[in-house]
Amino acid sequence: MTRKARPEIDALDRRIIASLQEGFPLVPEPYAEVAAGFGMTEAELIARLKRLREDGAITRFGPFLDAAAMGGAFCLCAMAVPEADFERIAAAVNAHPEVAHNYARSHRLNMWFVLATETPEGIAETADRIERETGLGVLRFPKLLEFFIGFRVAA
Amino acid sequence: MRLDPTDRRIVAATQAGLDFTPRPYLAVAERLGLDEAEVIARMSGLLARGVIRRIGAAPNHYALGLSANGMTVWDVEDGEAERLGALVGAREDVSHCYLRPRALPDWPYNLFAMLHGTDRAEVETRRGEIAALLGASCRGSDVLYSTRILKKSGLRLAGGAS
């Protein structure tokens with residue numbers, strides 16, 4: 001995935017994104033309900049969301065799943081990847097559907113990704129497979145505790 | 001918790017995202033040969049059980065002007081980590097905060113807090129505030145800036161292409 005140039009975001013876009021971080025209604029016409037709260041029409045809201053999605057201002061829109069609640073697991077993993085081989089290793093790691101997201105970071109451990117698997121055993125299986133494919137070690141940092149989050153995108 | 005086959009099909013059909021059409025749950029129902037009301041009822045159940053954490057948008061922090069995103073990491077005394085982690089997680093500029101195992105000797109840090117700011121100077125200022133909050137219970141810290149998104153697809157069920 002390539003990083004896009006920063007898209008144009010206006011104040012209403014920000015308010016819509018902030019609102020949609022809180023939740024989207026489970027009713028037959030959810031866009032109409034959200035649009036009414038902003039004093040806009042359903043068609044206007046849908047057009048804005050399409051633009052925000054196409055511009056990359058929102059990366060996903062829909063349900064966010066908890067792997068653990070489905071009997072699976074999440075695990076943050078890190079690798080120290082030689083710079084000369086970075087693109088090839090990134091492609092090999094990203095080819096696994098269990099890799100939910102992956103970031104390059106400024107550190108000796110320069111690749112950080114999250115595995116999401118349908119079984120707890122799937123974490124070790126996938127991490128071991130990546131180690132075999134790449135010849136590099138995969139450090140594993142499962143969460144022990146998650147703290148309440150106060151973060152909100154400012155409206 | 002195991003998903004029943006219909007719940008699983010609904011999860012698989014919605015995990016890539018909802019349609020931008022006036023009745024998105026009807027669109028899911030039609031793809032799966034279900035009623036709209038059943039899709040809504042089952043998704044409500046999945047939400048209540050925590051299988052779906054929430055339905056909504058994932059903002060791109062870069063696009064929103066929060067272009068500096070630092071993963072701050074801290075080596076906090078084990079006996080204090082739970083109390084101090086709660087204080088860090090409650091900050092409005094921290095989007096994720098977890099206690100994780102150390103990986104000695106490579107990695108001495110056990111508290112991870114994703115910190116956002118408009119630029120690195122702001123992230124560094126906020127990092128200093130967190131350091132002050134943690135005080136003597138923190139033996140060391142670092143910050144890892146994200147330089148590139150390599151992949152961001154969210155959780156996918158294997159074989160669940162929709």
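Which residue forms a salt bridge with R23(B)? I began my notebook with that. The model I am reading is predicted.

**Entry 1: R23(B) and its partner**

I found that R23(B) pairs with E36(B) in a salt bridge. Their closest N and O atoms are 2.6 Å apart. Next I looked up where the two residues sit. R23(B) is in the loop between helix 1 (5-14) and helix 2 (24-32) of chain B, while E36(B) is in helix 3 (residues 36-48). The two are 13 residues apart, and the pair links distant parts of the chain.

R23(B) counts as partly exposed, because its relative accessibility is 35%. E36(B) has 12% and so counts as buried; the cut-off for buried is under 20%.

**Entry 2: a pair between two strands**

I turned to D75(B). This residue forms a salt bridge with R139(B), and the closest N and O atoms are 3.1 Å apart. D75(B) lies in strand 2 (residues 68-76) and R139(B) in strand 5 (residues 138-152) of chain B, so the bridge ties together parts that are 64 residues apart in sequence.

R139(B) is exposed, with a relative accessible area of 52%.

**Entry 3: a pair between a helix and a loop**

R126(B) forms a salt bridge with D93(B). Here I noted 3.5 Å between the closest N and O atoms. R126(B) belongs to helix 5 (residues 120-134) of chain B, and D93(B) to the loop between helix 4 (78-89) and strand 3 (94-99), so parts 33 residues apart in sequence are tied together. R126(B) counts as partly exposed, at 22% relative accessibility. D93(B) is buried, with a relative accessible area of 10%.

**Entry 4: a network, and the charges as a whole**

I also looked for linked salt bridges. D4(B), D7(B), E38(B), R42(B) and R49(B) are joined in a network of them. Side chains of opposite charge can pair when their charged atoms come close.

How many salt bridges are there over all chains? The count comes to 26. For chain B I noted 21 positive and 20 negative side chains. The centres of these two sets lie 6 Å apart.

**Entry 5: chain B overall**

Chain B has 5 helices and 5 strands. Along the sequence they follow the pattern α-α-α-β-β-α-β-β-α-β.

I looked up the dimensions next. The C-alpha atoms fill a box of roughly 60 × 35 × 25 Å along the principal axes. The radius of gyration of chain B is 20 Å, whereas a compact globule of 162 residues would have one near 15 Å.

Of the 162 residues in chain B, 56% are buried. The accessible surface of chain B is about 6,800 Å², and 51% of that belongs to carbon and sulfur atoms. I checked contacts with a separation of 6 or more, too. In chain B, 64% of these are between residues 24 or more positions apart.

**Entry 6: F147(A), a residue facing chain B**

Last, I crossed to chain A. F147(A) is in the segment after strand 6 (145-146). Which residues does F147(A) contact, leaving aside its neighbours within four places in sequence? I listed A81(B), E82(B), G85(B), A86(B), G89(B), C97(B), Y98(B), L99(B) and L111(B).

F147(A) is buried, with a relative accessible area of 6%. I also compared F147(A) with G137(A): they are 10 residues apart in sequence and 28 Å apart in space, C-alpha to C-alpha.

Methods:
Residues numbered from 1 in each chain as written. Chains lettered and ligands numbered in written order. Predicted model: local features only at pLDDT ≥ 70, side-chain atom pairs only at ≥ 80, totals over all residues. Heavy atoms only, no water. Helix = DSSP H or I, 4+ residues; strand = E, 2+ residues; numbered from the N terminus. Buried < 20%, exposed > 50% of the residue type's maximum accessible area, 1.4 Å probe, protein only. Contact = heavy atoms within 4.5 Å. Rg over C-alpha atoms; globule rule 2.2 N^0.38 Å. Areas by Shrake-Rupley, 256 points an atom, 1.4 Å probe, with all protein chains shown as cover. Lys, Arg positive; Asp, Glu negative; His and termini not counted. Charge placed at Lys NZ, Arg CZ, Asp CG, Glu CD. Salt bridge = Lys/Arg side-chain N within 4 Å of Asp/Glu carboxyl O.
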